[in-house]
Each structure stands twice: as structure tokens, then as C-alpha cells.
Amino acid sequence: MASRKRKMLPMTHEEAAPEKAINKHTNQTDLTLYVSPAELKNTFESSESVENGEAEHTHYFPNNDLHPRLDEDFFKQSCISLAKAFLGKVLVRRCADGTELRGRIVETEAYLGGEDKASHSAGGRRTERNTAMFMKPGTIYVYPIYGIYLCMNVSSEGEGAAVLLRSLEPLQGQPTMRQLRAARRKEGARQLKDKELCNGPSKLCQALNIPRCFDRRNLAADPEVWLEKDPNINPAEPHNIVSVPRIGIESHGEWAKKPWRFYLRGHPCVSVVNKEAERQYMSGNVMSN
């Protein structure tokens with residue numbers, strides 16, 4: 001989350017695509033992590049032509065008891081640690097009709113407050129808008145950009161610190177997400193692919209119908225939105241996490257260079273891929289091996 005002068009990427013910007021596999025029982029496309037980037041891309045491309053059928057629960061979510069909700073202890077981490085810990089976790093949105101939308105977090109940004117001049121709470125500045133940043137860890141901070149789009153953040157430990165959720169990998173409820181996104185687009189616009197549903201901070205708020213009134217809610221206890229651990233995958237390994245400068249804060253000098261944007265290396269749902277950083281990571285891993 002940048003300051004008020006922050007420049008966001010155009011909402012029409014489209015990035016890479018998520019890996020899909022077909023459930024033979026439901027014909028629903030499912031998504032997984034932690035395969036090689038090349039395999040991830042090839043798998044998605046080979047299944048891109050398959051139509052998604054609406055299913056309230058895919059085989060990923062046969063029993064909600066298998067997907068434990070993360071409690072308040074999870075959020076009691078430093079901002080940078082929490083930003084990394086979010087990767088691979090599943091954000092859940094329960095709609096008014098009981099439909100549950102799910103997306104795996106694949107990209108975040110950390111805003112530390114205090115000396116971090118790119119943060120809304122820089123210098124300890126408190127306003128009516130950023131109050132949530134100073135509330136207990138796990139508090140949702142929703143703020144508007146351009147007066148019409150929203151971004152979702154979650155407070156961490158540290159005075160005025162919070163993590164921006166930048167991108168999700170759609171897991172459940174893609175048809176509903178697609179409808180929610182289409183409602184904000186021009187009439188006659190082409191249908192969005194799965195990869196385009198949540199690959200940006202405002203896009204994910206649209207796709208999961210995150211309203212402004214969610215501001216200051218407790219993500220650890222709210223009945224309409226929460227975070228889960230996905231039992232199907234392991235936590236993100238350090239070598240799978242790319243650390244690069246945050247986006248849209250170029251006017252903040254040295255703070256614009258801090259590598260506090262984190263994403264899963266090679267994941268096709270990341271909003272903006274830093275190819276140079278990924279090459280350096282790969283070179284470093286080869287040398288280490």
C-alpha cells in the first residue's frame with residue numbers, strides 16, 4: 001500500500017495464467033502450487049480451452065473441517081514475516097447466498113509504517129482512513145484508489161504496519177468471480193480468463209466482492225471473510241519466494257527500492273513478474289547446489 005500519491009497499474013493490465021488440472025468427477029479446473037515454472041505454464045496452456053463448470057465445492061474443499069481457519073496467533077508476526085507467511089494461504093469470502101469464493105495468495109507487499117515513507121502510516125501518522133493499520137494484528141484495512149477501486153490489507157505487529165494482498169490464484173467460485181469482475185467492465189468486453197480474475201490488488205477485491213465496509217474487521221473472527229491453511233500444499237519454501245521492490249511508489253526515493261514485494265517464483269497469477277530478479281535467484285540456487 002503506497003501513500004496517497006501512489007500510482008497504481010492500469011486495471012486492464014493482464015499477466016500470466018494459473019496452472020490447472022481437471023477433476024474427472026466435477027469437470028472443475030483446480031490449481032496447485034510448487035511445480036516448476038515451465039510445467040506450471042505448460043499445464044495451464046494445455047487446459048486453457050476447458051470450460052469451468054460452477055461447483056460450490058470442488059474436491060479441493062470436500063469438507064471445511066479439513067481447512068482450518070487461521071486464528072489471531074497467526075497474524076502476530078512482524079510485517080515482513082507476515083507478508084511471506086501469507087503466500088500459499090487461502091483467502092475465503094462467504095457471500096450472502098452462502099456461496100464461498102476461494103483464492104490462494106501468491107503475491108503481497110509489506111508496508112512497515114514508521115520510517116517507511118511509502119506507507120499510509122509513515123511517521124506514525126494516524127487518520128480516520130488508516131485507523132485499521134494501528135489496530136491489532138489481523139485487522140482488515142480497506143482503502144479506495146481513484147475513488148472507485150479498493151485494496152485490501154491486513155495489519156501485522158508493528159506500529160502502523162500492514163500487508164497489502166496483491167494477487168490471488170482462483171480456486172473456487174470462478175464463475176461468480178467472473179460475474180463480479182464483468183459488472184465493473186465495459187459492456188461487450190471479452191470474458192476474462194481465470195488468470196485475469198485476481199491478478200492485481202483491486203481485481204481481487206472485485207472478484208471476491210470485498211467492500212469498503214470490511215475495513216477494521218477482524219480477519220481471524222469475521223463470518224464473511226477469513227484465511228485458511230491449505231492442507232494440499234506445504235508452506236512456501238524460501239527459495240520459492242522472490243523479493244523485489246514494491247510497485248507504484250517510485251516517488252518515495254530509497255523506500256521505493258526496498259525489496260518488500262514478495263511473490264511465488266514462477267507462479268502464473270503474479271501481477272508483475274520481475275524476470276531479472278528471478279534470473280538472479282536461479283543463478284544463486286545453481287551456485288549453491
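In what sense do strand β4 and β7 pair, and over how many bridges? In this predicted model, strand β4 (residues 100-111) and β7 pair in the antiparallel sense, and the pairing runs over nine bridges.

Strand β7, which spans residues 162-172, is mostly covered, with eleven of its eleven residues buried.

## Nonpolar cores

The largest nonpolar core has 45 residues, and those with the most contacts inside it are F75, F86, L91, M152, L208, L219 and L227. At least two residues of this core come from each of α2 (79-85), β4, β5 (140-145), β6, β7, α4 (201-207), β8 (225-228) and β10 (261-264). Apart from this core lies another, of 14 residues, among them Y111, Y141, Y143 and A256.

The surroundings of L91 can be listed in more detail: once its neighbours within four places in sequence are left aside, L91 is in contact with residues including L101, R102, G103, M152, L165 and L168, and its contacts also include L208, L219, V225, W226 and L227.

## Aromatic pairs and charges over rings

The model has five aromatic pairs. The rings of F74 and F86 have their centres 5.9 Å apart and their planes at 50 degrees, so this pair is tilted. Because F74 lies in the loop between α1 (37-47) and α2, while F86 lies in the loop between α2 and β3 (90-94), the pair ties together parts that are twelve residues apart in sequence. Both F74 and F86 are buried, and ring pairs link F74, F75 and F86 into a cluster.

The pair of W255 and W260 is tilted because the ring planes stand at 50 degrees, with the centres 6.1 Å apart; W255 and W260 are both buried. The charged end of K258 sits over the ring of W255, 5.1 Å from its centre, and R246 lies over the face of Y111, at 4.5 Å from the ring centre.

## Confidence along the chain

The protein chain has a mean pLDDT of 81, and 75% of its residues reach 70 or more. Over residues 3-36 pLDDT stays under 50, and for this stretch the model has 124 contacts beyond four places in sequence. Over residues 42-64 pLDDT likewise stays under 50, and the model has 51 such contacts beyond four places in sequence for them.

How values were computed:
Residues are numbered from 1 along each chain as its sequence is written. This is a predicted model: local features need pLDDT of at least 70, side-chain atom pairs count only at pLDDT 80 or more; totals for chains, interfaces and linings use all residues. Side-chain values use heavy atoms; hydrogens and water are left out. Buried means under 20% relative accessible area, exposed over 50%, partly exposed in between (1.4 Å probe, protein chains only). Helices (H or I, at least four residues) and strands (E, at least two) are DSSP runs, numbered from the N terminus. Two strands pair if DSSP finds at least two bridges between them. A nonpolar core is a set of buried Ala, Val, Leu, Ile, Met, Phe, Trp, Tyr and Cys residues joined through side-chain atoms within 4.5 Å. Contact means heavy atoms within 4.5 Å. pLDDT is the predictor's confidence in each residue, from 0 to 100. Rings of Phe, Tyr and Trp (its six-membered ring) pair if their centres lie within 6.5 Å; planes under 30 degrees apart count as stacked, over 60 as edge-to-face and the rest as tilted. A charge sits over a ring if NZ of Lys or CZ of Arg is within 6 Å of the ring centre and within 35 degrees of the ring normal.
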